[in-house]
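Visitor: I would like to learn how to read charged pairs and a helix in a model. Where do we start?

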Amino acid sequence: MIEQVGDWVLQAVCRQIAQWIKAGIACPKVAVNIAPAQLKPRLVEFVAQMLEAHFVPASLLELEITEGALVQGEPI
């Protein structure tokens with residue numbers, strides 16, 4: 001279920017950034033943690049779709065993955 005939850009989080013973050021921009025609020029860069037299981041080619045396409053759908057500049061979204069998740073050998 002991590003992919004579905006991750007997709008929901010990315011969509012919610014893009015929607016929130018768009019609301020801040022529309023309200024004229026100076027929006028900081030927002031970081032979203034990505035699970036190793038989400039690191040698939042579709043992630044890039046999905047993120048691009050969310051940014052475009054909500055008119056969010058890519059510079060306002062940062063994707064993070066923890067080193068611990070990779071060191072523990074979680075499957076990608």
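Guide: We start with the charged pairs. This is a predicted model, and a search of the whole structure finds four salt bridges.

Visitor: What is the general idea behind such a pair?

Guide: Side chains of opposite charge can pair when their charged atoms come close. Here, K40 and E3 form a salt bridge, with 2.9 Å between the closest N and O atoms. The pair links distant parts of the chain: K40 sits in the loop between β1 (30-33) and α2 (41-53), E3 sits in helix α1 (residues 2-22), and they are 37 residues apart.

Visitor: Which residue meets E3 in a salt bridge at 3.7 Å, N to O?

Guide: That is R42. This pair also links distant parts of the chain, with R42 in helix α2 and E3 in helix α1, 39 residues apart. R42 is partly exposed, with a relative accessible area of 34%.

Visitor: Which residues are linked in a network of salt bridges?

Guide: The network links E3, D7, K40 and R42. Elsewhere, E62 forms a salt bridge with K29, and their closest N and O atoms are 3.9 Å apart. E62 counts as partly exposed, at 29% relative accessibility.

Visitor: Now the helix. What span should α2 have, at 1.5 Å a residue?

Guide: The 13 residues of α2 should span 18 Å, and the end C-alpha atoms are 19 Å apart, which agrees.

Visitor: Which residues of α2 are buried?

Guide: They are L43, F46, V47, M50 and L51.

Visitor: What do the buried residues of α2 pack against?

Guide: They pack against α1 and β2.

Visitor: Which residues are exposed on the other side of α2?

Guide: P41, V44, E45 and E52 are exposed there. For the cut-offs, buried means under 20% relative accessible area and exposed means over 50%.

Visitor: Which residue just after α2 takes a positive phi?

Guide: F55 does, with a phi of about 55°.

Definitions and conventions: Residues are numbered from 1 along each chain as its sequence is written. This is a predicted model: local features need pLDDT of at least 70, side-chain atom pairs count only at pLDDT 80 or more; totals for chains, interfaces and linings use all residues. Side-chain values use heavy atoms; hydrogens and water are left out. A salt bridge is a side-chain nitrogen of Lys or Arg within 4 Å of a carboxyl oxygen of Asp or Glu. Helices (H or I, at least four residues) and strands (E, at least two) are DSSP runs, numbered from the N terminus. Buried means under 20% relative accessible area, exposed over 50%, partly exposed in between (1.4 Å probe, protein chains only). The expected span of a helix is 1.5 Å times one less than its number of residues. Contact means heavy atoms within 4.5 Å.
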